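Please find below a short note for a colleague who is new to this structure. The points are meant to be read alongside the sequence and the model.

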Amino acid sequence: MRLLAVTSTVSSLIDICDRILKGLEVDLNSVEAVHQAVLRGDIITQPTRIEEELVSKEELDQDVGLNLLQLLGGKKLGERFAPAPESYDGEVIAGSMPGGSRSGGPTAAASVMAAAKEEVDTTGDEEKDVVAASLMPAMEAVLATVDEWRFNAFKLAEVTQGHPLSALGFWLMKRYDLISVFQLDATKLARFLRKIEDGYPDNPYHNKTHAADVLQGMHCLLTRGGLHRRLGEDVAIFASYLAAITHDYEHKGLNNDFLVRVGDELAFTYNDISPMENHHIAAAFKLMRQKDYNFIKKIPREKWVRLRRLLIDMVLATDMKQHFNILSKFQSKLQVKLRSTNFAAPNLSHLESPSHDDPLPISDDDADKSLVLQVGLKCADVGHLAAPWEVHHRWVSGLEEEFFRQGDKEKSMHMMVSPLMDRCKDGITKSQVGFFDIVALPLFYSWASVFHEALPLVRAVEDNCNRWRSLEMGRNAGSK
């Protein structure tokens, strides 16, 4: 009986497609019957890869094909964590994406379309508003760069019509089959991603495009950077993506010191301890508990406990007040345990020719894995330091403007203006060399000394540091 139902559903769908191609009217009752069969799962086990056949027909209208693919949903897209591409030339990374093409093919693009739709209406009126099909080539082009160390998240925001986080988040979950592995509700996941994305205010820096940039950075550390091979567990990989997606949810565009000084509600709620970071992850969990957004309901209890602990640890680690403490633990504990190179060495030339030996796995100790993921998210959080110069400079300018806005607020409240936040004085664009030397380079040197595959990331960060250094030398010479 089950086989008969599947065969009937597939036949009905093919008949509907055939009528559409011939320009004939389609019986709405038949469409609804197929739709309900899909929702019941009657078509998920079809013996042929019908979604590939649909998009392979040149005469099939693109809008029609994409919407049919959205109905089919829930299929595995590509291989899981394919090996990193072979080479890196400083700008473009050679190699192919899973599934045989740089972009993952039309099926992968369709899952982006599904994620970038308007939030699903609970009455069942789904898939109303998707990204225009005319944007597909541009979207494919940007997704083809998602495995590169040097990424332009602003371009992703443009081609997804302002939905970079939900589109990329859903696409990655589909690409690596996490939806199937954790039995996620794909519809509620799309709703959750869109709601999280909408919860990022339009700040100059801490916005949804920044979150998408961090997500892409974490993705590169997992795939190109070899992190997934050393983790050895799906929960840690899943946590990495979710932490990047939620790490600045509902950010106020103000730092923790300001919130504490003015007695903000969040400072009182969290006893002045990382109020912003505590809110990001707590608010995300509260959203996840709501019926319409509980996409993770079927996860086993033990995995849920593990996932929740990792998410909390990772997001709280993004508070810069914890930076030196966390990095010190990473250096003194893991780098010794994994027999890595000297973390303080600015010259990593000895890593230029990577060893063919398999890297040591991270221990099964949960604390060790958590610490690695914390430092990984910290690297991804400032991943724009490795972006092409124009992209990186735009991010720094955005952060400077966000700082200046806090300074403006402090002035209006007759408070002492925080350092680098007075728009009448030099901002962070005049102090980047110090930030690189004290914070950024030690962080990335430490990471690459354990994960040698990330050496190209370090080189890209060094390139941008040298640009800032040249600008500073020019200013100093001009002031004499």
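1. Which residue has its charged end over the ring of Phe-285? In this predicted model, that residue is Arg-308, whose charged end sits 4.5 Å from the centre of the Phe-285 ring.

2. The structure holds nine aromatic pairs. Among them is the pair of Phe-330 and Trp-447, which counts as stacked because the ring centres are 6.0 Å apart and the planes meet at 10°. This pair links distant parts of the chain, since Phe-330 is in helix α18 (residues 323–337) and Trp-447 is in helix α21 (residues 432–450), 117 residues apart. Both Phe-330 and Trp-447 are buried.

3. Trp-447 also pairs with Phe-451, and with ring centres 4.4 Å apart and planes at 25° this pair is therefore stacked. Phe-451 is buried, as is Trp-447.

4. Turning to the chain as a whole, there are 22 helices and zero strands, and buried residues make up 53% of the 480 residues. Of the contacts with a separation of 6 or more, 76% are between residues 24 or more positions apart.

5. The accessible surface of the chain comes to about 21,700 Å², and carbon and sulfur atoms account for 52% of that surface.

Key
Residues are numbered from 1 along each chain as its sequence is written. This is a predicted model: local features need pLDDT of at least 70, side-chain atom pairs count only at pLDDT 80 or more; totals for chains, interfaces and linings use all residues. Side-chain values use heavy atoms; hydrogens and water are left out. Helices (H or I, at least four residues) and strands (E, at least two) are DSSP runs, numbered from the N terminus. Buried means under 20% relative accessible area, exposed over 50%, partly exposed in between (1.4 Å probe, protein chains only). Contact means heavy atoms within 4.5 Å. Accessible areas come from the Shrake-Rupley method with a 1.4 Å probe; for residues, only the protein chains shown count as cover. Rings of Phe, Tyr and Trp (its six-membered ring) pair if their centres lie within 6.5 Å; planes under 30 degrees apart count as stacked, over 60 as edge-to-face and the rest as tilted. A charge sits over a ring if NZ of Lys or CZ of Arg is within 6 Å of the ring centre and within 35 degrees of the ring normal.
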